Amino acid sequence: MHPEQILIAGNMGYVGPAVVRSLRNAFPQARLSGLDLGLFAHCLTGADSLPERLLDVQMFGDLRHTRPESLQGLDVVVNLAAISNDPMGKAFAEATDAVNCRAAIRLARLAKDAGAKRYVFASSCSVYGQADGAPRRESDPLNPLTAYARSKIDAEIALQELADDDFIVTCLRFPTACGMSPRLRLDLVLNDFVASAVASGRIDILSDGTPWRPLIDTNDMALAIEWASERTADRGGAFLAVNVGTPTCNYQVKELAAAVAEQIPGTDVAVNPDAAPDKRSYQVDFSLYGDLAPDHLPRIDLGESIRQLHAGLKRMAFAERNFRESQFVRLKVLAQLREQGRLNDRIEWVTDAAAIQAAVA
């Protein structure tokens with residue numbers, strides 16, 4: 001039986017629009033609600049309409065302070081909300097743990113108490129950190145190197161305790177996201193390379209290019225969330241942490257740059273052979289997901305992700321060589337809001353009237 005009421009927390013970020021679109025297409029009769037702090041709601045990129053138009057309800061609020069009544073009647077809770085990469089995790093370590101871990105656990109408890117049947121958590125393959133040798137399986141030792149990665153695995157551990165036959169918990173360990181979005185981020189490796197090629201005709205790899213990075217398009221992330229929204233205990237158990245992807249999702253950084261140069265002729269690629277080693281390097285084994293979700297495997301290959309990014313940037317007339325200092329980089333957005341006095345160091349909106357008045361003056 002299809003879910004009738006679904007909440008997507010953190011829907012107004014980079015991945016959220018694809019998830020909302022996918023769930024609306026998969027479950028056209030469902031009541032879809034969004035819950036977001038709104039930090040990046042204004043970061044629209046080439047959108048012809050507001051992505052949230054496909055929702056029935058958009059709520060604004062802090063996941064750390066979710067009200068129990070907002071979860072009543074739900075069948076599925078999808079949690080995308082996160083301080084969402086390593087640089088932000090380093091800059092806002094306390095908030096990263098508070099949002100990515102403690103708030104994720106609290107949301108799951110509230111959802112379970114309210115009668116929800118499924119909880120879908122956007123986890124990360126970054127929990128493998130530095131992993132030499134064979135691609136990592138879910139049962140292999142973890143080696144989280146950053147606050148972001150640690151927050152994800154700590155949340156997984158606690159969520160396992162909440163799962164039972166009446167509350168199915170799925171932790172989707174996603175590779176590094178890529179692809180076009182109505183709220184595009186360019187602080188992701190493939191997206192950065194495509195933007196560099198478009199803006200300057202050149203890609204400068206800041207390492208020797210050998211680290212491994214598994215990748216997944218946002219549309220394929222959404223496909224996995226669609227699957228998890230209906231997953232039953234006979235497909236992986238009451239609790240499941242699973243790597244989402246296919247064997248072809250594993251790439252070395254230099255391969256990504258070469259693929260972009262192939263799709264965008266005239267692009268020069270330079271590596272830095274003298275760079276300090278990048279410890280974040282891992283390949284991932286996706287065989288369990290292939291067995292459990294054969295109809296929801298990734299469908300967008302690397303070339304198609306690059307082509308969609310290229311086309312999207314061209315539609316935007318993108319030519320910003322200094323894009324790493326712009327709103328395309330989420331850490332820069334947070335820093336600007338902090339400088340304006342609109343956010344505190346816990347990444348909470350400032351509600352003091354005098355501070356707001358000063359910020360908008």
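The model is predicted, so local features are given only at pLDDT of at least 70 and side-chain atom pairs only at pLDDT 80 or more, while totals for chains, interfaces and linings use all residues. Residues are numbered from 1 along each chain as its sequence is written, and side-chain values use heavy atoms, without hydrogens and water.

**Cysteines**

- The count of disulfides (pairs of cysteine sulfur atoms within 2.5 Å) comes to zero.
- Cys-178 is buried (under 20% relative accessible area; exposed is over 50% and partly exposed in between, with a 1.4 Å probe and protein chains only), at 2% relative accessibility.
- For Cys-125, the closest cysteine sulfur is also in Cys-249, 9.0 Å away and too far for a bond.
- Cys-125 is buried, with a relative accessible area of 0%.

- Strand S1 spans residues 5-9, and four of its five residues are buried. Strands (E, at least two residues) and helices (H or I, at least four) are DSSP runs numbered from the N terminus.
- S1 pairs in the parallel sense with strand S2 (residues 31-36) over five bridges; pairing requires at least two DSSP bridges between the strands.
- On its other listed pairing, S4 runs parallel to strand S5 (residues 118-124), joined by four bridges. The partner of Val-77 in S5 is Tyr-119.
- Strand S4 (residues 76-79) is covered on both faces: Val-76 and Val-78 are buried on one side, Val-77 and Asn-79 on the other.
- In a regular strand the side chains alternate between the two faces of the sheet.

**Helix H10**

- In H10 (residues 330-339), the buried residues include Arg-330, Val-333, Leu-334 and Leu-337.
- These four lie on the same side of H10, because they cover an arc of only 95 degrees around the axis; the arc is taken from the directions from the helix axis to the C-beta atoms.
- An α-helix has 3.6 residues a turn, so residues three or four places apart point the same way.

**Second largest pocket**

- The volume of this pocket is about 320 Å³. A pocket is an open set of points on a 1 Å grid over the protein atoms alone, where a 1.4 Å probe fits, with protein on both sides within 12 Å along at least five of seven lines; lining residues have an atom within 4 Å of a point.
- Among the 20 lining residues, Arg-21, Ala-47, Asp-48, Ser-181 and Pro-182 are the closest to the pocket centre.
- Helices H1 (16-26), H6 (218-228) and H9 (302-315) each supply at least two lining residues. H1 gives the largest share, three residues.
- The lining divides into nine nonpolar, seven polar and four charged residues. Charged means Asp, Glu, Lys and Arg; nonpolar means Ala, Val, Leu, Ile, Met, Phe, Trp, Tyr, Cys and Pro; the others, Gly among them, are polar.

**Asp-295**

- Asp-295 is in the loop between helix H8 (287-292) and H9.
- At 59% relative accessibility, Asp-295 counts as exposed.
- Asp-295 and Arg-21 are 274 residues apart along the chain, and their C-alpha atoms are separated by 18 Å.

Technical notes:
Grid points are joined across faces, edges and corners, and a volume is the space filled by probe spheres set on the points.
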